[in-house]
Amino acid sequence: MDTATRPAPGYAGLRMTADEYLALPPDGERYELVEGVVVMSPSPVLRHQAVSGEVFFQLQAYLRSNPIGFAFFEVDVRLGRGVGGRDLVFRPDLIYVRRERFAVLPAYVTGAPDVACEVVSPGYRRYDRETKRTEYERHGVLEYWLFDPEDATTQLWRLEDGRYIDVTPPGDAYPSAAVPGFVLDLAPVRALLPELSV
């Protein structure tokens, strides 16, 4: 369909609670709930999928041998209330939840996952670097991994005393504290960032 005649997404811009948002029937679009307002979430492009897929592949391979938790692609995460006091439901590219938490979760994640991973989409850099980083920190996400294909950068944060500190390694090995024993090999991830951003 020509984008000039394509109707606006049905839910974008509507104000609602997290309960109302999570009860919406799917309409084929991707959304998040930010401060009680439904916002459009861009469909991932190829480079985005390649980067998040590599991180997922590494994490999933580790968890198969060390079943201490679960990794998920693009699931709703009901964090709580944002800085403005209204409901937040994010849909990270990838999350990790330790096994004991998974056992008591409903159909979606309530509260902070142990790890949230985002791959920046074109035009959404500030949203991922500022809004989501602030909310993940406020709500206690233990680690936030951010990959930006546009400028080929990697940033990894770890929660210490309620604040994020930058723990991005100078080399390619990142030993995660949130996923005990897991070492993320950044070399293949970083190799995808500039390759697919042209």
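Analyst: Two strands pair if DSSP finds at least two bridges between them; a strand is a DSSP run of E with at least two residues and a helix a run of H or I with at least four, both numbered from the N terminus. This is a predicted model, in which local features need pLDDT of at least 70, side-chain atom pairs count only at pLDDT 80 or more, and totals for chains, interfaces and linings use all residues. Residues are numbered from 1 along each chain as its sequence is written, and side-chain values use heavy atoms, with hydrogens and water left out.

User: Why are strands β1 and β2 said to pair?

Analyst: β1 (residues 31–34) and β2 (residues 37–40) are joined by 4 bridges in the antiparallel sense, and at least two are required, so the two strands count as a pair. Leu33 faces Val38 of β2. The hairpin of β1 and β2 leaves 2 residues between the strands, and Glu35 has a positive phi near 55°.

User: How do you know how confident the predictor is in this protein?

Analyst: By pLDDT, the predictor's confidence in each residue, from 0 to 100. The average is 89, and 93% of the residues score at least 70. Residues 1–7 fall below 50, and beyond near neighbours in sequence this stretch makes 3 contacts in the model, a contact being heavy atoms within 4.5 Å.

User: What makes β3 and β11 edge strands?

Analyst: The open sheet has 6 strands with mixed pairing, in the order β3-β6-β8-β9-β10-β11. β3 (69–73) and β11 (163–166) have a single partner strand each, so one side of each has no neighbour in the sheet. Neighbouring strands here are turned by 20° against each other on average, direction ignored.

User: Which strands does helix α2 lie across?

Analyst: α2 (residues 46–65) lies across β3, β6 (94–98), β8 and β9, at about 165° to β3. Such angles run from 0 to 180 degrees between N-to-C directions of lines fitted to C-alpha atoms, for helices over the stretch in contact.

User: Why is one space called a cavity and another a pocket?

Analyst: On a 1 Å grid over the protein atoms alone, a cavity is a set of points where a 1.4 Å probe fits but cannot get out, whereas a pocket is an open set with protein on both sides within 12 Å along at least five of seven lines; lining residues have an atom within 4 Å of a point. This rule gives 1 cavity of 30 Å³ or more. The largest cavity holds about 120 Å³ and the largest pocket about 220 Å³, where volume is the space filled by probe spheres set on points joined across faces, edges and corners.

User: Which residues line them?

Analyst: The largest cavity has 14 lining residues, with Ser41, Pro42, Glu118, Ser121 and Lys132 nearest its centre. α4 gives the most to this lining, with 3 residues. The largest pocket has 13, of which Tyr21, Leu24, Pro26, Tyr31 and Arg91 are closest to its centre.
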